[in-house]
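Me: Hi, could you walk me through this structure? I'd like the overall picture and then the core.

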Amino acid sequence: MPPKRKNRAPTFSFRDLTVWRTKLPDVRFGVLPSSNNRPNPLAAKDRVYASVFAPGAICALERDRGKVIWRRELHKYGGASPYLSGGRLFAKTSDTLFALQPDSGETLWSFSPYSTDGESIYSSPSAHENRVYIGDRKGYLHCLDAEGGRTIWRRQTNRARNSDVNSTPILLDGLVIVSTNAGTAVAYDARSGKTAWKQKLDGPSTFGPLVHGNSVLAVSDSLYLLSRTGRLQRRFSWRDERVYQADSTPRGIVLTFWPKSATRSPEPPGKSEPSKLTFLVTKSGVQRAATFQAFCPSLRYAPETRLLYLSHLHGIDLIHAGDGTVICQLKAPKDPGNGVAQVDVRGGRIYVLTGDGCVHALRHPSNDQLGR
């Protein structure tokens, strides 16, 4: 349960707010925990795109009424989120990146750094100026031509035994920046691939990195605030916890945590204990903590509403981005499967994928309903 307050936050069921609900075909497990702050499903123009974990698939639905337009099977487990850039829809499995035609799902090109026998890609793609960037589990960052998937350059980020580049690249000031399991954040010139800077971290880094104002956030055991030139501006550490996930808000940074005693795994923390959110005001370093009874949490800030959306096993909490106050709770159906993915918030609706393979379009509670 959320922290005790004098006035309890209103609660709505998904059914109370449903505009439409679509059950996707042939889904065993709909949701894969994300390693970035991208939504699944993704709402764009008149479409909604959903990436299904198992069996792997990506689906396009009509945004106004939820009718399935096309379904594209993927040969292995699907990625945690679709990605749209330059008129191409990117989807992935654990060994292949696909560039798809958004209107039809037709494959424009595909990229596998090695063979399709194992699992070589846990990273997600980012695109800029007709180039696509993605990491692999042998420690390489790849720059691809967005038109046809041709490799323009690739760079070995490190030579450590645990060399994976599982993070999602970010593009900033002509640089492409990734973090690695070898405990480094690395920046390259996005055009040439020349190394611009490296920064040592205190542990493996799979989530992020993120842009925060004029800075870069690198998520490891600690949270690193880096300048655009890689200089360490500030490091935030916690005695008994390491950072699991973060997102940037206009007022600061919001974090979720692993206990340091827990073994790292692909599954999110919070299966058997409450999850804690910490709110950092980055100029002053002030910290505010809020504890939630949220299992398998996933956090995302939505600029449209300036609220945080905490997805978890039993629904979604809408949270004030400044102080952690829960202002509303949305209860998922009784058995949503393996949780709720990170939501998209567009045009007064909340788009939700649940683990049972259902895509929901929900009316966003109004300010009157939220008591604001």
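Reply: Happy to! One term to begin with: contact means heavy atoms within 4.5 Å. This is a predicted model, where local features need pLDDT of at least 70 and side-chain atom pairs count only at pLDDT 80 or more, while totals for chains, interfaces and linings use all residues. Residues are numbered from 1 along each chain as its sequence is written, and side-chain values use heavy atoms, with hydrogens and water left out.

Me: Thanks! What share of the contacts with a separation of 6 or more comes from residues 24 or more positions apart?

Reply: Those residues account for 49% of them in the chain.

Me: And how many helices and strands are there?

Reply: The chain has two helices and 33 strands. These are DSSP runs, with helices being H or I of at least four residues and strands E of at least two, numbered from the N terminus.

Me: How much of the chain is buried?

Reply: Of the 372 residues, 60% count as buried, meaning under 20% relative accessible area with a 1.4 Å probe, protein chains only.

Me: Now the core. Which residues of the largest nonpolar core touch the most other members?

Reply: Tyr-309, Ile-316, Leu-318, Leu-330 and Val-352, out of 19 residues. A nonpolar core is a set of buried Ala, Val, Leu, Ile, Met, Phe, Trp, Tyr and Cys residues joined through side-chain atoms within 4.5 Å.

Me: Which strand gives the most to this core?

Reply: S30 does, with three residues.

Me: What does Leu-330 touch?

Reply: Leaving out residues up to four places away in sequence, its partners include Phe-12, Phe-14, Leu-17, Ile-350 and Pro-365.

Key. Buried < 20%, exposed > 50% of the residue type's maximum accessible area, 1.4 Å probe, protein only.
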